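Open your viewer, switch to a cartoon view, and follow along. We will begin with the chain as a whole and then select one element after another.

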Amino acid sequence: MPAYLKFIHSKIMIFFLRMFMLCLLLPGHADAKPNKKNQALAMGEQRQIMVAVDHVLDANKDFVKQHSKSYFLPFIKGQNPKATVLGCADSRVHTHAIDPHPDGDLFLVRNIGNQIGPVRGSIEYGVRHLHTPLLLILGHTMCGAVRAAMQDYSDMSPDIKTELDHLHVPWGDPDNAILVLDSVEHNINDQVTEASQLFADELNQRKLMIVGAVYDFRNDYHLGYGRLVIINVNGAKDTASIQKALGFSGKRPLKDVFTKK
Ligand SMILES: [Zn+2]
């Protein structure tokens, strides 16, 4: 082969080799459809992020518009909450179910499965430093954390496993609403027991009441959708003791204290 043909041949080879390498580097080269699908998914995810960001920023804009300086003055001076609330982080459970204006009222601590273990310091701060007379342990129906703890969760990430390890609930079918409710109650009672040990002095001195309750957004108790069902007061679980403890002032009709039937 003449020298000039060898030169052209080598140039052509290099060109094709470059094109081949470039194709390998391009994402989704092997199949154009998944690439488009991935791009669409990525765009969808970006849109979802922006929707969430807009939701928060727009809500705050409205909040600032609707609240004048006078609304914030008490908060600037400090806080004097009525209750420490340990609730589940579940998005379906919010304070407006127990307090229409929770600002300044509730010292709120949340995690998956409303557990004292990972947040003992926060709970102690509410009870001992802010001196809230009520500690409310607020679980809820069909709690995802409780359902996870009812079965093998060894494939979860280490951090999630560590938190779920605080839940000691009976194992069972996590889709069985009756079993889940039983485990939800079991967990709340466990947390009340732990809190009672932690704040034994406050209980003995009658400075504190510890209430365990289920927020029932599914009407599993047949007492009304969204009902707060009291299942434990200072360790007492029977209806008579709960009603006696919560109706002690004589002002509250017993019909307004909802307990398990
Ligand atoms: Zn939950």
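Among contacts in the chain between residues at least 6 apart in sequence, 56% join residues at least 24 apart; a contact here means C-beta atoms, placed from the backbone, within 7 Å. The model is a predicted one: local features need pLDDT of at least 70, side-chain atom pairs count only at pLDDT 80 or more, and totals for chains, interfaces and linings use all residues. Residue numbers start from 1 along each chain as its sequence is written.

Colour by secondary structure next, and you will find 9 helices and 5 strands (DSSP runs, H or I of at least four residues for helices and E of at least two for strands, numbered from the N terminus).

Now select the strands. They make an open sheet with mixed pairing, in the order β2-β1-β3-β4-β5; strands pair if DSSP finds at least two bridges between them. β2 (106–111) and β5 (227–233) are the edge strands with a single partner each, so one side of each has no neighbour in the sheet. From one strand to the next, the twist averages 25°.

Zoom in on β4 (residues 209–216), which runs antiparallel to β5 and is joined to it by 6 bridges. Here G212 sits opposite N232 of β5.

Last stop: G78, which follows α3 and has a positive phi, near 150°.

Conventions
Axes are lines fitted to C-alpha atoms, for helices over the stretch in contact, and angles run from 0 to 180 degrees between N-to-C directions. Two residues are in contact if their C-beta atoms, placed from the backbone, lie within 7 Å.
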